[in-house]
Amino acid sequence: MIHSKTARYAAALVIGVAAVALVGCGSIGSLIQQKRNGHVETVHYATGAIGKSNQNARLPSWVPDQASSVSEAIRTTGSERILRFTLSDPKTLTACRPASASRTKATLTASWWPSGQESKTDQLCGTDWYVLVQATTVYAYRPETLPQP
């Protein structure tokens, strides 16, 4: 009888720990969402700070920590990326300078990326991100630099 009582307590403990772990994962999952589709990975972050704190983060360092509603599509076999986020004050993009629009067309697509947006960019952020600010929404495009099959 003692062994079955001990076994029940042990089982209850394991189930309790698993439940806490799953609840914890759920709260993290609401902050970071990730989806893979072939050779494209899409990530969503509540803020730039959360995106940059992810150990596997690909979010560029020039994205302000206070950026919100961050979405990025990444070519996993190359360097092309499209990125969108919201800023209450776009003047916080201090790593950007005026530049001509990208001459390379984006091959990545996403529901949140307007077709042809890369051809409207007017800034360069970091060393290779073409950026367009429309009101409080920031669109950024990094062209492919690796040959694709």
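These legends describe close-up views of one predicted protein model. Residues are numbered from 1 along each chain as its sequence is written. Because the model is predicted, local features need pLDDT of at least 70 and side-chain atom pairs count only at pLDDT 80 or more, while totals for chains, interfaces and linings use all residues, and side-chain values use heavy atoms, with hydrogens and water left out.

**View 1. The protein chain has 2 helices and 8 strands.** Helices (H or I, at least four residues) and strands (E, at least two) are DSSP runs, numbered from the N terminus. Read from that end, the elements follow the order α-β-β-α-β-β-β-β-β-β. Of the 149 residues in the protein chain, 33% are buried, where buried means under 20% relative accessible area, exposed over 50%, and partly exposed in between (1.4 Å probe, protein chains only). The accessible surface of the protein chain is about 9000 Å², and carbon and sulfur atoms hold 58% of this surface; areas come from the Shrake-Rupley method with a 1.4 Å probe, and for residues only the protein chains shown count as cover. Among contacts in the protein chain with a separation of 6 or more, 50% join residues 24 or more positions apart. Contact means heavy atoms within 4.5 Å.

**View 2. Strand E4 pairs with E3 and with E8.** Two strands count as paired if DSSP finds at least two bridges between them. E3 and E4 are antiparallel over 5 bridges and form a hairpin with 5 residues between them. In this pairing, glutamate 72 stands opposite leucine 83 in E4. E4 and E8 also run antiparallel, joined by 6 bridges. Here arginine 84 is opposite tyrosine 139 in E8.

**View 3. Glutamate 72 is a buried residue of strand E3.** Its relative accessibility is 0%. Leaving aside neighbours within four places in sequence, glutamate 72 has contacts that include Glu41, Val43, Arg58, Pro60, Arg81, Leu83, Trp112 and Trp129. With arginine 81, the glutamate 72 side chain forms a salt bridge of 3.9 Å, N to O. The term covers a side-chain nitrogen of Lys or Arg within 4 Å of a carboxyl oxygen of Asp or Glu. Arginine 81 is buried, as is glutamate 72. Tryptophan 113 is 41 residues from glutamate 72 along the chain, and their C-alpha atoms are separated by 9.6 Å.

**View 4. Further salt bridges involve lysine 52 and arginine 75.** The whole structure holds 5 salt bridges. In one of them, the closest N and O atoms of lysine 52 and aspartate 65 are 2.8 Å apart. Lysine 52 belongs to helix H2 (residues 48-53) and aspartate 65 to the loop between H2 and E3, so this bridge ties together parts 13 residues apart in sequence. Lysine 52 is partly exposed at 30% relative accessible area, and aspartate 65 is partly exposed at 43%. Another bridge joins glutamate 144 and arginine 75, with 3.7 Å between the closest N and O atoms. Glutamate 144 is in the segment after E8 and arginine 75 is in strand E3, so the pair ties together parts 69 residues apart in sequence. Arginine 75 is buried, at 13%.

**View 5. Tryptophan 113 takes part in two edge-to-face pairs.** Rings of Phe, Tyr and Trp (its six-membered ring) pair if their centres lie within 6.5 Å; planes under 30 degrees apart count as stacked, over 60 as edge-to-face and the rest as tilted. The structure has 4 aromatic pairs. The rings of tryptophan 112 and tryptophan 113 have centres 6.4 Å apart and planes at 90°, so they are edge-to-face. For tryptophan 113 and tyrosine 139 the centres are 5.9 Å apart and the planes are at 75°, so this pair is also edge-to-face. The second pair links distant parts of the chain, 26 residues apart: tryptophan 113 is in the loop between strand E5 (96-98) and strand E6 (123-125), and tyrosine 139 is in strand E8 (residues 137-142). Tryptophan 112 is buried, as is tryptophan 113, and tyrosine 139 is buried too.

**View 6. The largest nonpolar core has 18 residues.** A nonpolar core is a set of buried Ala, Val, Leu, Ile, Met, Phe, Trp, Tyr and Cys residues joined through side-chain atoms within 4.5 Å. Trp62, Leu83, Phe85, Leu93 and Val131 have the most contacts inside this core. At least two of its residues come from each of strand E2 (40-47), strand E3 (68-75), strand E4 (81-86), strand E7 (129-134) and E8. Another core, apart from this one, has 8 residues, among them Leu108, Trp112, Tyr139 and Tyr141. Trp62, Phe85 and Trp129 form one aromatic cluster.
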